[in-house]
Amino acid sequence: GGQSVWGGKFADEFHPDNKHSKRGVVSLANSGANTNGSQFFITYAKQAHLDAAYTVIGHVIDGLDTLDSMERVPVDEKHRPKTTITLERITMHANPLADQMIVYPTADGPPEHQH
């Protein structure tokens, strides 16, 4: 649930260096092209078939014991957990070298939606 900081869906942001190439990749969930919102998923292994279909937004750098526990939760035929998994606390680390390239959201929405 929830919604993006722009209040609605927003465009995909694929980059050739951001791949689902390992365990712990964090990506935005979507319902098709350019439908990113506030939901995300974390990979348990390399998932190359997800590249250029889901926007990679980061990766797990600590708390792998939590990821281990999440992996043990039974899933349904669509690989979704049969019980709700709640992350009660996370810490996000930014890449200070990339800060100059960040386009921060505004009330008008992401840059590609501004007029």
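Modeller: Before the questions, please note that this is a predicted model, in which local features need pLDDT of at least 70 and side-chain atom pairs count only at pLDDT 80 or more, while totals for chains, interfaces and linings use all residues. Residues are numbered from 1 along each chain as its sequence is written, and side-chain values use heavy atoms, with hydrogens and water left out.

Biologist: Which residues make the nonpolar surface patch, and what is its area?

Modeller: A patch is made of residues with over 30% relative accessible area and no salt bridge, where like charges are joined within 9 Å and nonpolar side chains (Val, Leu, Ile, Met, Phe, Trp, Tyr) within 5 Å. Accessible areas come from the Shrake-Rupley method with a 1.4 Å probe, and for residues only the protein chains shown count as cover. Here the patch consists of Phe40, Tyr44, Ile57, Ile85, Leu87, Ile90 and Met92, and its area is about 690 Å².

Biologist: Is leucine 87 buried, partly exposed or exposed?

Modeller: Leucine 87 is placed in the segment after α1, where helices (H or I, at least four residues) and strands (E, at least two) are DSSP runs numbered from the N terminus. Buried means under 20% relative accessible area, exposed over 50%, and partly exposed in between (1.4 Å probe, protein chains only). Leucine 87 has a relative accessibility of 34%, so this residue counts as partly exposed.

Biologist: In what order do the strands form the sheet?

Modeller: The protein has 1 helix and 3 strands, and from the N terminus on its elements run β-β-β-α. Two strands pair if DSSP finds at least two bridges between them, and β1 (residues 25-28) pairs with β2 in the antiparallel sense over 3 bridges. The 3 strands form an open sheet with antiparallel pairing, in the order β2-β1-β3.

Biologist: Which are the edge strands?

Modeller: An edge strand here pairs on one side only, and this applies to β2 (40-42) and β3 (56-59).

Biologist: Which residues do the salt bridges join into one network?

Modeller: A salt bridge is a side-chain nitrogen of Lys or Arg within 4 Å of a carboxyl oxygen of Asp or Glu, and a search of the whole structure finds 2 of them. Arginine 23 forms one with aspartate 68, with the closest N and O atoms 2.4 Å apart; because arginine 23 lies in the segment before β1 and aspartate 68 in helix α1, the pair ties together parts that are 45 residues apart in sequence. Arginine 23 also meets glutamate 71 in a salt bridge of 2.5 Å, N to O, and this pair links parts of the chain 48 residues apart. Through shared partners, the salt bridges join into one network Arg23, Asp68 and Glu71.

Biologist: What is the relative accessible area of histidine 93?

Modeller: Histidine 93 is placed in the segment after α1 (64-71). Its C-alpha atom is separated by 9.1 Å from that of isoleucine 61, which is 32 residues away along the chain. Histidine 93 is exposed, and its relative accessible area is 60%.

Biologist: What share of the residues counts as buried?

Modeller: The protein exposes about 8,800 Å², of which carbon and sulfur atoms supply 53%. Of its 115 residues, the share that counts as buried is 21%.
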